[in-house]
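Please look through the structure shown here, with attention to its aromatic rings and to one of its helices.

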Amino acid sequence: MLTAAKKDFITFMMSADVLRFGEFKTKSGRLTPYFVNTGNYKTGAQIAALGKFYANLIKETCSDQFEAMFGPAYKGIPLATAAAASLARDHGIDKPYFFNRKEVKDHGEGGSLVGYKPVDGDRVIIIEDVITAGTAIRETMPILTGCAKVEVPDMFISVNRCEVGQSAGKTAVMEVYDEFGIQVHPIVTVADIHEFLKEEGYDAGILARMEQYMEQYCIF
């Protein structure tokens, strides 16, 4: 169902030039006619609004039933930071967050993690931008499981592209659950975006290219 909150988020992404249309190559190597680039958020107002969208979904999904939030480098870092700030400010849920460096620091305290240091038994939620083929989460899990015996019950993303992963007949989101037991919660799905564009009378050529791509790669 295309709720008012979903419409607001899609409008927000488009106004920030984060949801874009054209021809782009995804991390999985697919050529896609639509792309979500969270690197295009660039103002204080935008990151504050984005954090609120994430925080609302986190509060609705798991309230305060977790110990920490993890933002994978690089795009997950501002997402986790903004979500943590909004959770504390708007919902009274003050939780620590942490993120990783791409390269391990060899001086000072060293290591690859910045911020909270997980301990055995922690429930950690992941804050990311999108899932296409599940490549990024497979890179992230060894980082988390290598730092402590943590549980990762939930992952929150901006957009679920609903695309087939490495196995025929399964989306990347399904695979993430099967492989890691992680429930993935998107603010919106590509189906929501398509429905919104149709309702708004968006460019027919873009809609046609979206439909062709979705028919080839998406599972609903």
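Are Phe 9 and Phe 12 buried or exposed? Phe 9 is buried, and Phe 12 is buried as well, where buried means under 20% relative accessible area and exposed over 50%, with partly exposed in between (1.4 Å probe, protein chains only). This is a predicted model, in which local features need pLDDT of at least 70, side-chain atom pairs count only at pLDDT 80 or more, and totals for chains, interfaces and linings use all residues. Residues are numbered from 1 along each chain as its sequence is written, and side-chain values use heavy atoms, without hydrogens and water.

Both phenylalanines belong to helix H1 (residues 4–15), three residues apart, about one turn of the helix. Helices (H or I, at least four residues) and strands (E, at least two) are DSSP runs, numbered from the N terminus. Together with Tyr 41 and Phe 53, Phe 9 and Phe 12 form one aromatic cluster. Rings of Phe, Tyr and Trp (its six-membered ring) pair if their centres lie within 6.5 Å; planes under 30 degrees apart count as stacked, over 60 as edge-to-face and the rest as tilted.

The rings of Tyr 34 and Tyr 213 are edge-to-face, because their centres are 5.5 Å apart and their planes stand at 85 degrees. This pair links distant parts of the chain, with Tyr 34 in strand S2 and Tyr 213 in helix H7, 179 residues apart.

The buried residues of H7 are Ile 206, Leu 207, Met 210, Tyr 213 and Met 214. On the face turned away from that buried side, H7 carries the exposed residues Ala 204, Gln 212, Glu 215 and Gln 216.
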